[in-house]
Amino acid sequence: MRLCACGLVACALFAQQVSFDAASIKPSAASPGSSGINTNNGYLSAYNVTLKRCIAGAYGITEDQIIGGPKWISENRYDITARGTGGNTEDMLKALLADRFRLVMHPQSETRSGYALTVAKGGIKATVSVIPPGGPSTTNSSRIRIEAKLCSMPVLARKLAAVLGQPVVDETQESRSFDFLLQWVPDEVMSKASAGSDAANGPSLFTAVQEQLGLKLEARKVPVDVLVVDRAEFPSEN
């Protein structure tokens, strides 16, 4: 994705466009192992999240595309609930971060080692979605699978980047959205599996992407947009 060139003031603008009927930010007592962000019809709920996790969710990027800022933005965890009006759910989260964390950022471009997502020989095998554009889109992912409805190629690239821990750039030139179930065996599981077992013979992520979706992940240097955190403050009182 390309980040807005006016990113330095973007957070403040979102704060002006969205109003909150109620918002609560509390330190989380949960262990670091699980976290999530859910949005629906003007309601925002985030569980056990760091500020960096929230920024990634609001701007559709991975956490390694966020640099700078104080150390605590990657460490302190919060439970957040908010109900608001104006803008979409991503705008709600951006506005909340600007208002309660006094977040200020600016965009920057870097070249990093990563992957290009391209169409494999034979073409895309995923099913073209029959859900009208703008309809309900869902993408659920874990360490072993990605299940999606009405998923665009840029969204898939971001999901793959999160799994790989490296940037993935969409170069498919595909504007349609797709429904699919992508399943693979993580490398660390495959390396420890007994010879002849399903895990040992299962597809790697790279093989699964090609065999199940008709796409390829090609290693190369890729341009990556990052957000530089210029200012972040501990959240204001509820």
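## Central strand pairing

Strands β9 and β11 run antiparallel and are joined by five bridges. Helices (H or I, at least four residues) and strands (E, at least two) are DSSP runs, numbered from the N terminus. Two strands count as paired if DSSP finds at least two bridges between them. In β11, Q183 stands opposite R145.

This is a predicted model: local features need pLDDT of at least 70, side-chain atom pairs count only at pLDDT 80 or more, and totals for chains, interfaces and linings use all residues. Residues are numbered from 1 along each chain as its sequence is written, and side-chain values use heavy atoms, with hydrogens and water left out.

## The four-stranded sheet

β9 and β11 belong to an open sheet of four strands, ordered β7-β11-β9-β8 with antiparallel pairing. Its edge strands are β7 (127-128) and β8, each of which pairs on one side only. Two antiparallel bridges link β7 to β11 (residues 178-183). T127 has D179 as its bridge partner in β11. V128 has F178 as its bridge partner in that strand.

Helix α4 packs on this sheet and touches β8, β9 and β11. Its direction makes about 160 degrees with that of β9. Contact means heavy atoms within 4.5 Å. Axes are lines fitted to C-alpha atoms, for helices over the stretch in contact, and angles run from 0 to 180 degrees between N-to-C directions.

## The largest pocket

The largest pocket has a volume of about 1,800 Å³. A pocket is an open set of points on a 1 Å grid over the protein atoms alone, where a 1.4 Å probe fits, with protein on both sides within 12 Å along at least five of seven lines. Lining residues have an atom within 4 Å of a point. Grid points are joined across faces, edges and corners, and the volume is the space filled by probe spheres set on the points.

The lining comprises 48 residues; R53, G57, T139, S141 and K159 lie nearest the pocket centre. Elements giving two or more residues include β2 (36-40), α2 (51-59), β8 (138-141), β9 (145-151) and α4 (153-164). α4 gives the most, with six residues. By class, the lining has 18 nonpolar, 21 polar and nine charged residues. Ala, Val, Leu, Ile, Met, Phe, Trp, Tyr, Cys and Pro count as nonpolar; Asp, Glu, Lys and Arg as charged; the others, Gly among them, as polar.

## Helix α2

α2 is mostly covered, with seven of its nine residues buried. Buried means under 20% relative accessible area, exposed over 50%, and partly exposed in between (1.4 Å probe, protein chains only). The buried residues are L51, K52, C54, I55, A56, A58 and Y59. G60 follows the helix, with a positive phi near 65 degrees.

## Strand β4 and I67

I67 sits in β4 (residues 66-68). I67 counts as partly exposed because its relative accessibility is 27%. Beyond residues up to four places away in sequence, I67 touches Q108, E110, R112, V226, L227, V228 and V229. I67 and Q108 are 41 residues apart in sequence, and their C-alpha atoms are 9.8 Å apart.

## Overall figures

The protein has seven helices and 12 strands. Of its 238 residues, 40% are buried. Among contacts with a separation of 6 or more, 77% join residues 24 or more positions apart.
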